[in-house]
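Here is a short briefing on one protein chain. Look at the structure first, then read the points below.

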Amino acid sequence: MELPFSESYKIKMVEPIRRSTRQEREQWIKDAKYNLFNLKSDQVFIDLLTDSGTGAMSDRQWAAIMMGDESYAGASSFFNMKNAIKNILGFDYFLPTHQGRAAENVLFSVLVKEGDYIPGNSHFDTTKGHIEFRKAHAVDCTIDEAANTELYHPFKGNVDPAKLEKFMAEHSSKVPFIIVTVTNNTAGGQPVSMECIRQVRAIANKYNKPVVFDSARFAENAYFIKMREKGYESKTIKEIVREMFSNADAMTMSSKKDAIVNMGGFIAMRSEKLHQECSVFNIMFEGFITYGGMSGRDMNALAVGLDEGTEFSVLETRIKQVEYLGEKLKEYGVPFQFPSGGHAIFVDANRVLPNIPKEEFRAQTLGIELYLEAGIRGVEIGAILADRDPETRENRYPKLELLRLAIPRRVYTNNHMDVVAAALKNVFDRRDQIKKGFCVTWEAPIMRHFTIHLERAK
Ligand SMILES: *Cc1c(COP(=O)(O)O)cnc(C)c1O
(Lines give C-alpha, C1' and ligand atoms only; values in the text may rest on other atoms or scores of the structure.)
Protein backbone atom coordinates (compact mmCIF):
# COMPACT_ATOMS: atom_id res chain seq x y z
CA MET A 1 0.00 0.00 0.00
CA GLU A 2 1.24 3.48 -0.82
CA LEU A 3 1.77 5.50 2.32
CA PRO A 4 -0.45 8.59 2.68
CA PHE A 5 0.97 12.10 2.92
CA SER A 6 1.59 13.51 6.38
CA GLU A 7 3.00 16.67 7.92
CA SER A 8 6.75 17.24 8.03
CA TYR A 9 6.65 18.24 11.70
CA LYS A 10 5.35 17.09 15.07
CA ILE A 11 3.73 19.36 17.66
CA LYS A 12 5.55 20.48 20.82
CA MET A 13 3.21 23.15 22.21
CA VAL A 14 -0.55 23.58 21.98
CA GLU A 15 -2.99 26.45 22.52
CA PRO A 16 -6.62 25.71 23.51
CA ILE A 17 -9.43 27.09 21.36
CA ARG A 18 -13.09 27.21 22.32
CA ARG A 19 -16.36 26.54 20.53
CA SER A 20 -19.26 28.94 21.06
CA THR A 21 -23.01 28.84 20.50
CA ARG A 22 -24.80 30.40 17.58
CA GLN A 23 -26.65 32.66 20.02
CA GLU A 24 -23.34 33.98 21.41
CA ARG A 25 -22.02 34.57 17.92
CA GLU A 26 -25.17 36.47 16.85
CA GLN A 27 -24.54 38.94 19.68
CA TRP A 28 -20.78 39.18 19.18
CA ILE A 29 -20.92 39.90 15.46
CA LYS A 30 -23.66 42.50 15.99
CA ASP A 31 -21.52 44.17 18.66
CA ALA A 32 -18.63 44.02 16.17
CA LYS A 33 -20.72 46.08 13.69
CA TYR A 34 -20.63 43.07 11.36
CA ASN A 35 -16.93 43.67 10.79
CA LEU A 36 -14.96 40.44 11.33
CA PHE A 37 -11.86 42.48 12.21
CA ASN A 38 -13.72 43.76 15.28
CA LEU A 39 -14.22 40.32 16.85
CA LYS A 40 -12.12 39.29 19.82
CA SER A 41 -9.96 36.27 19.04
CA ASP A 42 -11.66 34.21 21.78
CA GLN A 43 -14.95 34.74 19.96
CA VAL A 44 -13.46 32.81 17.04
CA PHE A 45 -13.10 29.01 16.90
CA ILE A 46 -11.05 28.59 13.72
CA ASP A 47 -9.35 31.79 12.66
CA LEU A 48 -8.72 32.05 8.93
CA LEU A 49 -8.73 35.85 8.84
CA THR A 50 -5.15 35.88 7.65
CA ASP A 51 -1.99 33.83 7.36
CA SER A 52 -0.05 36.98 8.22
CA GLY A 53 1.97 36.74 11.42
CA THR A 54 -0.23 33.88 12.61
CA GLY A 55 2.12 30.97 11.85
CA ALA A 56 3.71 28.67 14.41
CA MET A 57 7.45 29.15 14.74
CA SER A 58 9.76 26.16 14.91
CA ASP A 59 11.99 25.06 17.78
CA ARG A 60 14.94 26.42 15.76
CA GLN A 61 13.27 29.81 15.51
CA TRP A 62 12.50 29.91 19.24
CA ALA A 63 16.10 28.94 19.96
CA ALA A 64 17.28 31.79 17.71
CA ILE A 65 15.04 34.16 19.68
CA MET A 66 16.99 33.37 22.83
CA MET A 67 20.18 34.36 20.99
CA GLY A 68 18.80 37.73 19.85
CA ASP A 69 21.20 40.66 20.10
CA GLU A 70 19.32 43.77 21.24
CA SER A 71 22.12 46.25 20.55
CA TYR A 72 20.78 49.46 19.03
CA ALA A 73 23.38 49.52 16.28
CA GLY A 74 25.30 46.74 14.55
CA ALA A 75 23.51 43.84 16.31
CA SER A 76 24.60 40.33 15.32
CA SER A 77 20.91 39.64 14.64
CA PHE A 78 21.02 42.27 11.89
CA PHE A 79 23.96 40.47 10.28
CA ASN A 80 22.19 37.10 10.58
CA MET A 81 19.30 38.62 8.66
CA LYS A 82 21.67 40.25 6.15
CA ASN A 83 23.39 36.92 5.48
CA ALA A 84 20.09 35.08 5.03
CA ILE A 85 18.85 37.72 2.57
CA LYS A 86 22.13 37.63 0.63
CA ASN A 87 22.34 33.83 0.55
CA ILE A 88 18.70 33.01 -0.13
CA LEU A 89 17.47 36.02 -2.12
CA GLY A 90 20.72 37.34 -3.55
CA PHE A 91 20.45 41.03 -2.56
CA ASP A 92 23.50 42.93 -1.26
CA TYR A 93 21.59 45.70 0.52
CA PHE A 94 18.60 45.62 2.83
CA LEU A 95 16.72 47.58 5.47
CA PRO A 96 14.62 45.97 8.20
CA THR A 97 11.10 47.37 8.67
CA HIS A 98 8.41 46.45 11.17
CA GLN A 99 6.23 44.80 8.50
CA GLY A 100 5.50 44.72 4.77
CA ARG A 101 3.51 47.93 4.45
CA ALA A 102 6.29 49.79 6.25
CA ALA A 103 8.68 48.52 3.59
CA GLU A 104 6.29 49.89 0.96
CA ASN A 105 6.06 53.21 2.78
CA VAL A 106 9.85 53.64 2.89
CA LEU A 107 10.54 52.47 -0.67
CA PHE A 108 7.64 54.41 -2.19
CA SER A 109 8.69 57.57 -0.33
CA VAL A 110 11.78 57.45 -2.55
CA LEU A 111 10.29 56.14 -5.79
CA VAL A 112 6.65 57.30 -6.14
CA LYS A 113 5.56 60.84 -7.03
CA GLU A 114 2.14 62.42 -7.58
CA GLY A 115 0.75 61.52 -10.99
CA ASP A 116 2.89 58.39 -11.41
CA TYR A 117 1.56 55.08 -12.68
CA ILE A 118 2.70 51.77 -11.23
CA PRO A 119 1.71 48.82 -13.42
CA GLY A 120 1.67 45.30 -11.99
CA ASN A 121 -0.49 42.28 -11.23
CA SER A 122 -3.44 43.03 -8.88
CA HIS A 123 -1.63 45.20 -6.31
CA PHE A 124 -2.18 44.20 -2.71
CA ASP A 125 -4.43 46.56 -0.70
CA THR A 126 -1.65 48.20 1.34
CA THR A 127 0.48 48.53 -1.80
CA LYS A 128 -2.36 50.24 -3.60
CA GLY A 129 -3.04 52.33 -0.48
CA HIS A 130 0.55 53.59 -0.39
CA ILE A 131 0.42 54.37 -4.12
CA GLU A 132 -2.91 56.21 -3.97
CA PHE A 133 -1.95 58.02 -0.76
CA ARG A 134 0.80 59.63 -2.90
CA LYS A 135 -1.79 60.57 -5.58
CA ALA A 136 -0.31 58.02 -7.97
CA HIS A 137 -2.16 55.20 -9.73
CA ALA A 138 -1.95 51.41 -9.53
CA VAL A 139 -2.53 49.86 -12.96
CA ASP A 140 -3.68 46.25 -12.94
CA CYS A 141 -2.22 44.22 -15.82
CA THR A 142 -3.17 40.74 -14.51
CA ILE A 143 -4.16 38.16 -17.13
CA ASP A 144 -7.94 38.00 -17.80
CA GLU A 145 -8.03 34.30 -16.83
CA ALA A 146 -7.60 35.35 -13.18
CA ALA A 147 -11.17 36.70 -13.11
CA ASN A 148 -12.72 33.36 -14.13
CA THR A 149 -12.79 31.29 -10.97
CA GLU A 150 -13.79 28.06 -12.76
CA LEU A 151 -11.00 28.10 -15.29
CA TYR A 152 -7.80 26.15 -14.66
CA HIS A 153 -4.63 28.08 -15.34
CA PRO A 154 -1.35 26.98 -13.74
CA PHE A 155 -0.18 30.59 -13.26
CA LYS A 156 -3.31 32.63 -12.72
CA GLY A 157 -1.31 35.34 -10.97
CA ASN A 158 0.60 36.26 -14.13
CA VAL A 159 1.08 39.74 -15.51
CA ASP A 160 -0.30 39.94 -19.06
CA PRO A 161 2.78 40.99 -21.05
CA ALA A 162 0.60 42.44 -23.85
CA LYS A 163 -1.29 44.67 -21.39
CA LEU A 164 1.95 45.74 -19.74
CA GLU A 165 3.68 46.46 -23.04
CA LYS A 166 0.73 48.51 -24.28
CA PHE A 167 0.62 50.53 -21.07
CA MET A 168 4.37 51.14 -21.13
CA ALA A 169 4.30 52.20 -24.78
CA GLU A 170 1.78 54.94 -23.89
CA HIS A 171 2.80 56.01 -20.39
CA SER A 172 6.35 54.90 -19.63
CA SER A 173 7.51 58.45 -18.85
CA LYS A 174 5.18 58.41 -15.81
CA VAL A 175 6.19 54.91 -14.63
CA PRO A 176 8.85 54.81 -11.87
CA PHE A 177 8.93 50.99 -11.71
CA ILE A 178 6.94 47.84 -12.45
CA ILE A 179 5.71 45.77 -9.51
CA VAL A 180 5.20 42.01 -9.53
CA THR A 181 3.39 40.43 -6.58
CA VAL A 182 4.47 36.82 -5.93
CA THR A 183 2.20 35.02 -5.32
CA ASN A 184 -0.66 37.23 -6.49
CA ASN A 185 -2.58 37.51 -3.22
CA THR A 186 -5.53 39.51 -4.53
CA ALA A 187 -6.16 37.12 -7.44
CA GLY A 188 -6.39 34.20 -5.00
CA GLY A 189 -2.85 33.38 -3.90
CA GLN A 190 -2.14 32.45 -7.50
CA PRO A 191 1.44 32.03 -8.68
CA VAL A 192 3.43 33.89 -11.32
CA SER A 193 5.47 31.76 -13.72
CA MET A 194 9.21 32.16 -14.26
CA GLU A 195 8.42 32.71 -17.93
CA CYS A 196 6.18 35.65 -16.98
CA ILE A 197 8.84 37.06 -14.64
CA ARG A 198 11.32 36.96 -17.53
CA GLN A 199 8.83 38.67 -19.86
CA VAL A 200 8.26 41.46 -17.34
CA ARG A 201 12.03 41.85 -16.98
CA ALA A 202 12.41 42.16 -20.77
CA ILE A 203 9.70 44.85 -20.98
CA ALA A 204 11.27 46.71 -18.05
CA ASN A 205 14.65 46.56 -19.77
CA LYS A 206 13.20 47.90 -23.00
CA TYR A 207 11.87 50.98 -21.16
CA ASN A 208 14.81 51.11 -18.76
CA LYS A 209 12.67 50.73 -15.61
CA PRO A 210 13.36 48.84 -12.39
CA VAL A 211 11.31 45.83 -11.35
CA VAL A 212 10.15 45.54 -7.72
CA PHE A 213 8.80 42.31 -6.30
CA ASP A 214 6.13 42.44 -3.64
CA SER A 215 7.45 39.23 -2.16
CA ALA A 216 5.30 38.18 0.81
CA ARG A 217 4.72 34.64 -0.53
CA PHE A 218 7.73 34.22 -2.81
CA ALA A 219 8.48 30.72 -1.48
CA GLU A 220 4.97 29.46 -2.21
CA ASN A 221 5.40 30.93 -5.68
CA ALA A 222 8.63 28.97 -6.11
CA TYR A 223 6.86 25.77 -5.00
CA PHE A 224 4.25 26.21 -7.75
CA ILE A 225 6.98 26.87 -10.32
CA LYS A 226 8.66 23.61 -9.27
CA MET A 227 5.38 21.68 -9.47
CA ARG A 228 3.92 23.24 -12.62
CA GLU A 229 6.54 24.83 -14.86
CA LYS A 230 8.55 22.82 -17.33
CA GLY A 231 12.27 22.74 -16.61
CA TYR A 232 11.97 23.33 -12.87
CA GLU A 233 10.89 19.86 -11.68
CA SER A 234 14.27 18.89 -10.31
CA LYS A 235 15.46 22.27 -9.08
CA THR A 236 15.40 23.00 -5.35
CA ILE A 237 13.12 25.73 -3.98
CA LYS A 238 16.20 27.78 -3.09
CA GLU A 239 17.52 27.55 -6.66
CA ILE A 240 14.16 28.66 -8.03
CA VAL A 241 13.96 31.50 -5.50
CA ARG A 242 17.41 32.75 -6.54
CA GLU A 243 16.41 32.68 -10.20
CA MET A 244 13.13 34.52 -9.51
CA PHE A 245 14.86 37.32 -7.63
CA SER A 246 17.67 37.61 -10.18
CA ASN A 247 15.00 39.37 -12.28
CA ALA A 248 14.21 42.00 -9.64
CA ASP A 249 16.02 45.23 -8.76
CA ALA A 250 14.38 45.54 -5.37
CA MET A 251 11.82 43.80 -3.19
CA THR A 252 9.47 44.56 -0.35
CA MET A 253 8.77 41.78 2.10
CA SER A 254 6.13 41.05 4.68
CA SER A 255 8.05 38.48 6.72
CA LYS A 256 4.81 37.58 8.49
CA LYS A 257 4.05 35.37 5.51
CA ASP A 258 6.76 33.15 4.02
CA ALA A 259 9.44 33.97 6.60
CA ILE A 260 7.07 32.49 9.23
CA VAL A 261 7.52 35.12 11.93
CA ASN A 262 4.86 36.93 13.92
CA MET A 263 6.17 40.39 13.03
CA GLY A 264 8.72 41.82 10.65
CA GLY A 265 9.54 42.95 7.15
CA PHE A 266 12.28 44.39 5.00
CA ILE A 267 13.27 46.06 1.76
CA ALA A 268 16.14 44.56 -0.21
CA MET A 269 17.85 46.06 -3.23
CA ARG A 270 20.83 45.82 -5.54
CA SER A 271 21.57 49.54 -5.71
CA GLU A 272 23.70 51.17 -3.03
CA LYS A 273 22.23 54.54 -4.00
CA LEU A 274 18.65 53.34 -3.52
CA HIS A 275 19.70 51.88 -0.17
CA GLN A 276 21.10 55.25 0.88
CA GLU A 277 17.98 57.10 -0.22
CA CYS A 278 15.70 54.65 1.57
CA SER A 279 17.84 54.80 4.73
CA VAL A 280 16.71 58.41 5.32
CA PHE A 281 13.05 57.40 5.38
CA ASN A 282 13.77 54.19 7.26
CA ILE A 283 15.36 56.15 10.08
CA MET A 284 12.49 58.61 10.09
CA PHE A 285 9.62 56.10 10.01
CA GLU A 286 11.01 52.77 11.28
CA GLY A 287 14.19 53.08 13.31
CA PHE A 288 17.94 52.96 12.84
CA ILE A 289 19.08 51.08 9.73
CA THR A 290 20.28 48.01 11.66
CA TYR A 291 16.92 47.34 13.33
CA GLY A 292 14.18 49.33 11.53
CA GLY A 293 11.34 48.58 13.94
CA MET A 294 12.39 45.03 14.72
CA SER A 295 13.88 43.66 17.92
CA GLY A 296 17.08 41.64 17.65
CA ARG A 297 15.32 38.40 18.61
CA ASP A 298 12.73 38.94 15.88
CA MET A 299 15.46 39.52 13.26
CA ASN A 300 17.06 36.25 14.37
CA ALA A 301 13.79 34.34 14.05
CA LEU A 302 13.29 35.90 10.63
CA ALA A 303 16.71 34.76 9.42
CA VAL A 304 15.90 31.17 10.41
CA GLY A 305 12.38 31.49 9.01
CA LEU A 306 13.69 32.51 5.58
CA ASP A 307 15.76 29.33 5.52
CA GLU A 308 12.96 27.04 6.74
CA GLY A 309 10.30 28.72 4.63
CA THR A 310 12.26 27.88 1.48
CA GLU A 311 12.52 24.17 2.30
CA PHE A 312 10.43 21.92 0.06
CA SER A 313 9.01 19.79 2.89
CA VAL A 314 7.68 22.86 4.73
CA LEU A 315 6.00 24.22 1.60
CA GLU A 316 4.66 20.84 0.56
CA THR A 317 3.00 20.32 3.96
CA ARG A 318 1.48 23.77 3.85
CA ILE A 319 0.20 23.82 0.29
CA LYS A 320 -1.14 20.27 0.49
CA GLN A 321 -3.29 21.39 3.44
CA VAL A 322 -4.74 24.23 1.37
CA GLU A 323 -5.38 21.72 -1.45
CA TYR A 324 -7.01 19.36 1.04
CA LEU A 325 -9.56 22.01 1.99
CA GLY A 326 -10.06 22.79 -1.71
CA GLU A 327 -10.74 19.13 -2.52
CA LYS A 328 -13.38 18.93 0.23
CA LEU A 329 -15.12 22.04 -1.05
CA LYS A 330 -15.06 20.68 -4.59
CA GLU A 331 -16.68 17.51 -3.31
CA TYR A 332 -19.44 19.62 -1.70
CA GLY A 333 -19.92 21.77 -4.81
CA VAL A 334 -18.86 25.02 -3.12
CA PRO A 335 -17.37 27.29 -5.82
CA PHE A 336 -13.91 28.73 -5.20
CA GLN A 337 -11.01 30.21 -7.15
CA PHE A 338 -9.61 27.18 -8.91
CA PRO A 339 -7.00 25.84 -8.64
CA SER A 340 -6.57 26.54 -4.93
CA GLY A 341 -3.88 29.09 -4.10
CA GLY A 342 -0.78 28.86 -1.97
CA HIS A 343 -2.05 30.31 1.28
CA ALA A 344 -5.81 30.34 1.08
CA ILE A 345 -9.06 29.23 -0.45
CA PHE A 346 -11.04 32.04 -2.06
CA VAL A 347 -14.73 31.17 -2.11
CA ASP A 348 -16.57 32.71 -5.05
CA ALA A 349 -19.34 34.71 -3.38
CA ASN A 350 -20.76 35.91 -6.71
CA ARG A 351 -21.66 32.31 -7.43
CA VAL A 352 -22.82 31.43 -3.89
CA LEU A 353 -25.01 34.52 -3.34
CA PRO A 354 -25.86 35.90 -6.80
CA ASN A 355 -29.26 37.18 -5.60
CA ILE A 356 -27.78 39.61 -3.12
CA PRO A 357 -27.20 42.98 -4.83
CA LYS A 358 -23.48 43.69 -5.20
CA GLU A 359 -24.15 46.97 -3.34
CA GLU A 360 -24.93 44.80 -0.30
CA PHE A 361 -21.51 43.10 -0.30
CA ARG A 362 -21.84 39.44 -1.24
CA ALA A 363 -18.49 38.25 0.08
CA GLN A 364 -18.93 40.04 3.39
CA THR A 365 -22.40 38.49 3.72
CA LEU A 366 -20.96 35.05 3.12
CA GLY A 367 -18.22 35.74 5.68
CA ILE A 368 -20.80 36.69 8.33
CA GLU A 369 -22.87 33.58 7.56
CA LEU A 370 -19.82 31.33 7.93
CA TYR A 371 -18.98 32.95 11.25
CA LEU A 372 -22.55 32.49 12.51
CA GLU A 373 -22.52 28.88 11.32
CA ALA A 374 -19.40 27.69 13.12
CA GLY A 375 -17.30 30.52 14.54
CA ILE A 376 -14.96 30.45 11.56
CA ARG A 377 -13.47 33.80 10.59
CA GLY A 378 -12.51 34.54 6.98
CA VAL A 379 -12.11 37.90 5.31
CA GLU A 380 -13.85 39.75 2.51
CA ILE A 381 -11.89 40.35 -0.68
CA GLY A 382 -14.53 42.26 -2.58
CA ALA A 383 -16.21 45.63 -2.84
CA ILE A 384 -15.50 46.71 0.74
CA LEU A 385 -11.79 46.04 0.28
CA ALA A 386 -11.81 47.60 -3.21
CA ASP A 387 -12.83 50.86 -1.49
CA ARG A 388 -13.91 54.03 -3.24
CA ASP A 389 -12.23 55.61 -6.23
CA PRO A 390 -9.90 58.24 -4.71
CA GLU A 391 -11.04 60.88 -7.22
CA THR A 392 -14.74 60.25 -7.86
CA ARG A 393 -15.35 58.72 -4.37
CA GLU A 394 -17.67 56.22 -6.06
CA ASN A 395 -17.68 52.64 -4.76
CA ARG A 396 -15.49 50.35 -6.86
CA TYR A 397 -17.01 46.97 -7.63
CA PRO A 398 -14.34 44.42 -8.53
CA LYS A 399 -15.00 41.55 -10.93
CA LEU A 400 -14.51 39.06 -8.13
CA GLU A 401 -16.31 38.93 -4.80
CA LEU A 402 -14.29 36.48 -2.75
CA LEU A 403 -14.36 35.21 0.80
CA ARG A 404 -10.76 34.39 1.64
CA LEU A 405 -10.03 31.59 4.07
CA ALA A 406 -6.33 32.04 4.78
CA ILE A 407 -4.60 29.17 6.47
CA PRO A 408 -1.96 30.00 9.09
CA ARG A 409 1.32 28.10 8.68
CA ARG A 410 1.74 24.98 10.85
CA VAL A 411 -1.23 25.91 13.10
CA TYR A 412 -4.35 23.88 12.26
CA THR A 413 -4.78 20.20 11.45
CA ASN A 414 -6.83 18.67 8.65
CA ASN A 415 -9.57 17.96 11.21
CA HIS A 416 -10.01 21.73 11.44
CA MET A 417 -10.15 21.85 7.65
CA ASP A 418 -12.95 19.26 7.76
CA VAL A 419 -14.94 21.53 10.10
CA VAL A 420 -14.39 24.51 7.80
CA ALA A 421 -15.54 22.55 4.75
CA ALA A 422 -18.64 21.18 6.50
CA ALA A 423 -19.61 24.62 7.81
CA LEU A 424 -19.28 26.12 4.34
CA LYS A 425 -21.34 23.28 2.91
CA ASN A 426 -24.10 24.05 5.41
CA VAL A 427 -24.11 27.73 4.43
CA PHE A 428 -23.98 26.80 0.75
CA ASP A 429 -26.93 24.40 1.13
CA ARG A 430 -29.12 27.14 2.64
CA ARG A 431 -27.90 29.88 0.28
CA ASP A 432 -31.41 30.48 -1.13
CA GLN A 433 -32.60 31.53 2.32
CA ILE A 434 -29.94 34.26 2.52
CA LYS A 435 -31.68 37.21 0.90
CA LYS A 436 -30.22 40.36 2.43
CA GLY A 437 -26.71 41.71 2.64
CA PHE A 438 -25.23 44.66 4.53
CA CYS A 439 -25.09 48.47 4.37
CA VAL A 440 -22.32 50.81 5.53
CA THR A 441 -23.02 53.02 8.55
CA TRP A 442 -19.49 54.39 8.94
CA GLU A 443 -16.23 54.10 6.96
CA ALA A 444 -12.70 55.55 7.01
CA PRO A 445 -11.53 57.66 4.03
CA ILE A 446 -8.85 55.10 3.01
CA MET A 447 -8.44 51.33 3.58
CA ARG A 448 -11.94 51.29 5.02
CA HIS A 449 -12.27 47.50 5.33
CA PHE A 450 -10.29 47.30 8.58
CA THR A 451 -12.60 49.56 10.57
CA ILE A 452 -15.90 49.73 8.65
CA HIS A 453 -19.25 49.61 10.51
CA LEU A 454 -22.11 47.71 8.87
CA GLU A 455 -25.74 46.92 9.56
CA ARG A 456 -28.09 44.38 8.01
CA ALA A 457 -29.77 45.66 4.86
CA LYS A 458 -33.48 46.34 5.38
C1 LIG B 1 0.72 41.10 3.64
C2 LIG B 1 1.11 41.70 2.37
C3 LIG B 1 1.63 43.00 2.31
C4 LIG B 1 1.72 43.92 3.53
O5 LIG B 1 2.45 43.37 4.54
P6 LIG B 1 2.14 43.63 6.11
O7 LIG B 1 3.21 42.86 6.79
O8 LIG B 1 0.76 43.12 6.37
O9 LIG B 1 2.24 45.09 6.35
C10 LIG B 1 2.01 43.49 1.08
N11 LIG B 1 1.89 42.74 -0.03
C12 LIG B 1 1.39 41.49 0.00
C13 LIG B 1 1.28 40.70 -1.26
C14 LIG B 1 0.97 40.93 1.19
O15 LIG B 1 0.45 39.71 1.20
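How many helices and strands does the secondary structure of the chain come to? It comes to 16 helices and 14 strands. Helices (H or I, at least four residues) and strands (E, at least two) are DSSP runs, numbered from the N terminus.

This is a predicted model: local features need pLDDT of at least 70, side-chain atom pairs count only at pLDDT 80 or more, and totals for chains, interfaces and linings use all residues. Residues are numbered from 1 along each chain as its sequence is written, and side-chain values use heavy atoms, with hydrogens and water left out.

**Overall shape**

- Along its principal axes, the C-alpha trace spans about 60 × 55 × 45 Å.
- Buried residues make up 57% of the chain. Buried means under 20% relative accessible area, exposed over 50%, and partly exposed in between (1.4 Å probe, protein chains only).
- Of the contacts with a separation of 6 or more, 72% join residues 24 or more positions apart. Contact means heavy atoms within 4.5 Å.

**Nonpolar cores**

- In soluble globular proteins, nonpolar side chains tend to be buried together.
- A nonpolar core is a set of buried Ala, Val, Leu, Ile, Met, Phe, Trp, Tyr and Cys residues joined through side-chain atoms within 4.5 Å.
- The largest core here has 58 residues. Leu89, Phe213, Phe218, Met244 and Phe266 touch the most other members.
- Beyond its neighbours within four places in sequence, Leu89 contacts Ala84, Phe218, Val241, Arg242, Phe245, Met251 and Phe266.
- A second, separate core has 31 residues, including Val322, Phe336, Ala423 and Val427.

**Helix α5**

- Helix α5 covers residues 125–133, and seven of its nine residues are buried.
- Among the buried ones are Asp125, Gly129, His130 and Glu132.
- The buried residues of α5 pack against several elements, including α4 (100–111), β3 (117–120) and α15 (383–386).
- Lys135 follows α5 and has a positive phi, near 55°.

**Ile381**

- Ile381 lies in strand β11 (residues 379–381).
- Why does Ile381 count as buried? Its relative accessibility is 12%.
- Not counting residues up to four places away in sequence, Ile381 touches Thr186, Phe346, Leu400, Glu401, Leu402 and Arg404.
- Ile381 and Leu48 are 333 residues apart in sequence and 13 Å apart in space, C-alpha to C-alpha.
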